[in-house]
Amino acid sequence: MSDAAAERGGEIAGRLDRAVGAMQGFAVGDALGATVEFLTPREIKAKYGVHKRVIGGGWLDLRPGQITDDTEMMLIVGRVILAHRGWNLSACCAGFADWLRGGPVDVGNTVRRGIRRFMTDGTLQAPYSDGDAGNGACMRNLPVALATLDDPAAFRLWTLEQCRITHNHPLSNEATLSLGHMVRALVRDADVAAARDEANGLVAAHPDFRFSVYRPGDCSPFIVDTVKTVFHAYFGTETFRDCLIETVNQGGDADTAGALAGMLAGATYGAAAIPREWLDRLDPDIASACRKQAAGLLRLVSAGTNEE
Ligand SMILES: [Mg+2]
C-alpha cells in the first residue's frame, strides 16, 4: 500500500470511529440520563451520590440500557436517509407518524402536536409558534449532520426541513444548525477549539445561549437551557466519561442533554472512549443500529450522493 493510500485509509477509519462515537455516545447519554430525568441536582445527590451507572429506572421505569424517544427518533431520521440515499421530508414525516402510532415510551408535547398535524392534514411544516423552542427537533438531527459531512448547503436545507416538521422556532433552528456544524467538523477531525469557535458564534448571534456562567440544575426541555448545559459540560471536561457525568447530574431534561453531550463527546474522543461498562449495558440492538447507520451514512458521503 502506498503512503498516500495508507493515509487515506487512516483518515476513513478515524472518521468512522468518530461517527460511531457520536451515534453510540448519543444513545449511551440518553440511557444514562433517563434515570435522573426531571430530578434536581440535590435529589440526584441524595439518591445516587454521583449518578454514573446505566441502571434504567427513572420516571419511565426503563430497563437498564433502554433508550427513549430521543434515540428512537434520531434512528428514524437515519433510516429514512439511508433508505432514500438522501433526504426525503415526506418519508421522514411518515416515519415519525408510524413511530407515534406504535405507542413510544415517551414523546414531547410539541413533537406529538407536530406529528399529529401531519397525520391530520398532511402538511410537512409546523406554523411558527413562540412556544416551540423545545429541544425535540435538535435531539434527532445527528444523522443529517453525518450524511452531509462534505456538503454544507445540503446540511442546512435538510436540517431546517427536519426541524420544522415539529418545531418552527429560530432558537431551535439555530441551535440545531450550530450543534450539527460542530459534529460535522469534529467527525472530519477538527479539534475542540474549532467546536468552541462555533459555540462562540452561536452565543454572539443569540446571547441567550451564553454558558460561561452556569447555574447548576439549569437544564430544562427549553432548547436554550439544554444547549447551555451541554456546552458547559463539554467545554469544561476532557473525557467522554467526565462530560456525560457532568451533564446528567444537572438533572432536568437529563436524557436529551445526555444524548447531545454524548454526541459531541463521541465525535471528539471516538467510539473507543465510551466507557465499556456503559456501552455493554446499552440495548445491543440499539448499539448495533448506531454502528451500522454511522457506517452507512458515511458511505453516502463518500459516494457523493449529496452533491447535486
Ligand atoms: Mg427522552
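**Largest pocket**

I looked up which helices line the largest pocket: H3 (69-84), H5 (109-121) and H12 (254-269) each supply at least two residues. Helices here are DSSP runs of H or I with at least four residues, numbered from the N terminus. H5 gives the most, with three residues. I noted the pocket's volume as about 320 Å³. Of its 22 lining residues, the closest to the centre are Gly108, Asn109, Asn135, Pro221 and Asp253. A pocket, on a 1 Å grid over the protein atoms alone, is an open set of points with protein on both sides within 12 Å along at least five of seven lines; lining residues have an atom within 4 Å of a point. Volume is the space filled by probe spheres set on the points, which are joined across faces, edges and corners. I sorted the lining by class: seven nonpolar, nine polar and six charged. Ala, Val, Leu, Ile, Met, Phe, Trp, Tyr, Cys and Pro count as nonpolar, Asp, Glu, Lys and Arg as charged, and the others, Gly among them, as polar.

**Ground rules**

The model is predicted: local features need pLDDT of at least 70, side-chain atom pairs count only at pLDDT 80 or more, and totals for chains, interfaces and linings use all residues. Residues are numbered from 1 along each chain as its sequence is written, and side-chain values use heavy atoms, with hydrogens and water left out.

**Second largest pocket**

I found about 230 Å³ of space in this one. H1 and H14 each supply at least two lining residues. H14 gives the most, with five. The lining includes Arg8, Ile12, Leu149, Asp150 and Arg299. By class I noted six nonpolar, one polar and four charged residues.

**H1 against H14**

I then checked how these helices meet. The axes of H1 (residues 3-34) and H14 (residues 284-303) come within 9 Å and cross at roughly 140 degrees. Axes are lines fitted to C-alpha atoms over the stretch in contact, and angles run from 0 to 180 degrees between N-to-C directions. The contact (heavy atoms within 4.5 Å) includes Arg15, Leu16 and Ala19 of H1 and Ala295, Leu298 and Val301 of H14. By class, the contact has twelve nonpolar, two polar and two charged residues.

**Cavities**

I searched the whole structure and got two cavities of 30 Å³ or more. In a cavity, a 1.4 Å probe fits but cannot get out. The largest cavity holds about 60 Å³. H8 (170-187) gives the largest share of its lining, four residues. I counted seven nonpolar, three polar and no charged residues there.
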